[in-house]
Amino acid sequence: MRAQSSATAAVPIAVPASPRGRGFGTLQAALGVVAFSLTFPATAWGLEGFGPWSLVAVRSVLAAVIAGGCLLALRVPLPARRHWAGLAVVAAGVVLGFPMLTTLALQTSTTAHAAVVVGLLPLTTALFSSLRTGSRPSRTFWAAALAGAAAVVAFTVQQSGGALTTADLYLFGALLICAAGYTEGGRLAGAMPGWQVIGWALVLCLPLTVPVAAVALTAEPVHLTAHSVTGLLWVAAGSQFLGLIVWYRGMASIGIPKASQLQLAQPLLTLFWSVFLLGEHLPLAAPLTAVAVLVCIAVTQRARG
């Protein structure tokens with residue numbers, strides 16, 4: 001592979017998307033949200049047969065093998081040098097930090113509880129985007145985003161009895177680093193295809209994830225079952241690669257702040273999967289939270305950024 005020349009590496013001039021293009025971008029971002037909503041249930045399945053360190057390291061290695069194979073097959077040139085720092089942020093936040101912290105949290109937390117805490121991710125991503133890219137969403141946008149976040153917080157506090165646990169601290173840490181990774185990935189997706197952003201981030205982590213996977217697999221017990229293998233394959237191929245491809249493409253098309261607000265629906269989808277796939281009890285407050293969050297999504301998508 002060769003480095004891109006200065007001409008081919010130039011960032012294209014942004015062109016406003018057509019209504020059809022924005023609609024397709026919204027669809028792609030929404031597909032990413034659906035893929036992400038399955039991450040916690042799939043992780044819970046994976047933890048039935050793998051330790052937390054093994055699960056995170058192996059999922060990253062498998063995803064990197066898929067991504068690296070695609071990059072090699074299509075002879076994609078190396079990113080320009082100025083993009084590597086941003087790719088490192090994506091790798092630290094999306095490939096390593098978020099999966100590790102949420103997997104540790106799910107050892108003691110239900111997927112339903114984790115899902116509603118991570119429901120704060122849209123607002124956190126919008127804040128990081130505003131600071132990093134200089135975007136200035138409207139007051140209506142911020143009001144709706146804050147209202148959606150407030151609904152998620154109220155739901156979380158009501159379910160946990162107002163007490164934060166170690167799992168909550170892991171989840172709040174995951175929010176911060178994932179928001180940074182999403183923001184940087186969305187910015188880079190304006191300069192290169194979204195699948196290449198996550199692809200190179202995954203490959204960048206291989207020198208770390210391969211030895212960690214080798215050590216973890218020998219140190220932690222492994223019990224291969226249909227659930228654990230299915231969970232591992234989904235978080236590797238679906239959550240870690242395919243979902244992020246359409247997610248970054250969607251963010252590049254409709255903008256990071258608006259795309260991030262679609263994730264307000266992610267906790268509600270995860271609640272459904274937690275009941276359907278894991279048999280967890282659905283909290284009574286979930287339908288009310290669903291209505292509030294969906295209204296907020298509609299407002300943020302109509303508000304001018």
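This briefing walks through selected residues and helices of one structure.

The structure is a predicted model, in which local features need pLDDT of at least 70, side-chain atom pairs count only at pLDDT 80 or more, and totals for chains, interfaces and linings use all residues. Residues are numbered from 1 along each chain as its sequence is written, and side-chain values use heavy atoms, with hydrogens and water left out. Helices here are DSSP runs of H or I with at least four residues, numbered from the N terminus.

**The salt bridge**

- The count comes to 1 salt bridge, meaning a side-chain nitrogen of Lys or Arg within 4 Å of a carboxyl oxygen of Asp or Glu.
- Its partners are Glu-184 and Arg-187, with the closest N and O atoms 2.6 Å apart.
- Side chains of opposite charge can pair when their charged atoms come close.
- Glu-184 and Arg-187 are 3 residues apart in helix H8 (residues 166-188), so about one helical turn separates them.
- An α-helix has 3.6 residues a turn, so residues three or four places apart point the same way.
- Glu-184 is buried, at 6% relative accessibility, while Arg-187 is partly exposed, at 32%.
- Buried means under 20% relative accessible area, exposed means over 50%, and partly exposed lies in between (1.4 Å probe, protein chains only).

**Helix H4**

- Gly-86 is in helix H4, which spans 84-105.
- Gly-86 counts as buried, because its relative accessibility is 5%.
- Beyond its neighbours within four places in sequence, Gly-86 is in contact with Glu-184 and Leu-188; contact means heavy atoms within 4.5 Å.
- Gly-86 and Gly-185 are 99 residues apart in sequence, yet their C-alpha atoms are 7.4 Å apart in space.
- Thr-102 also lies in helix H4, and its relative accessible area of 4% makes Thr-102 buried.
- The side chain of Thr-102 reaches the backbone oxygen of Pro-99 at 3.2 Å.
- That is a polar contact: a pair of N or O atoms within 3.5 Å, where, within protein, one must be able to donate a hydrogen and the other to accept it, and residues adjacent in sequence count only if both atoms are side-chain atoms.
- Leaving out neighbours within four places in sequence, Thr-102 touches Phe-40, Leu-171 and Ala-174.

**Helix H10**

- Ser-228 sits in helix H10 (residues 226-254).
- Ser-228 is buried, because its relative accessible area is 0%.
- Its side chain reaches the backbone nitrogen of Thr-225 at 2.8 Å.
- Apart from neighbours within four places in sequence, the contacts of Ser-228 include Trp-45, Gly-46 and His-223.
- H10 bends by about 40 degrees at Leu-244; the bend is the angle between axes fitted to the seven residues ending there and the seven starting there.
- After H10 comes Gly-255, with a positive phi near 100 degrees.

- Most residues other than glycine have a negative phi, and most peptide bonds are trans.
- Arg-75 is not glycine, but its phi is positive, near 55 degrees.
- Arg-75 lies in the loop between helix H3 (52-73) and helix H4.
- Arg-75 counts as exposed, because its relative accessibility is 74%.

**The nonpolar surface patch**

- Leu-62, Leu-217, Val-222, Leu-224, Val-229 and Leu-233 form a nonpolar patch on the surface, with about 480 Å² of accessible area together.
- Patches are made of residues with over 30% relative accessible area and no salt bridge; like charges are joined within 9 Å, and nonpolar side chains (Val, Leu, Ile, Met, Phe, Trp, Tyr) within 5 Å.
- Accessible areas come from the Shrake-Rupley method with a 1.4 Å probe, and for residues only the protein chains shown count as cover.
- Leu-217 belongs to helix H9 (residues 194-219) and is partly exposed, at 38% relative accessible area.

**Links across the sequence**

- Thr-26 is in helix H1 (residues 19-37) and is partly exposed, at 27%.
- The C-alpha atoms of Thr-26 and Lys-258 are separated by 8.9 Å, although the two residues are 232 apart along the chain.
- Setting aside neighbours within four places in sequence, Thr-26 is in contact with Ile-254 and Leu-262.
- Phe-141 is in helix H7 (residues 139-160) and is buried, at 0%.
- Phe-141 and Gly-190 are 49 residues apart in sequence and 22 Å apart in space, C-alpha to C-alpha.

Note on methods:
Helix = DSSP H or I, 4+ residues; strand = E, 2+ residues; numbered from the N terminus.
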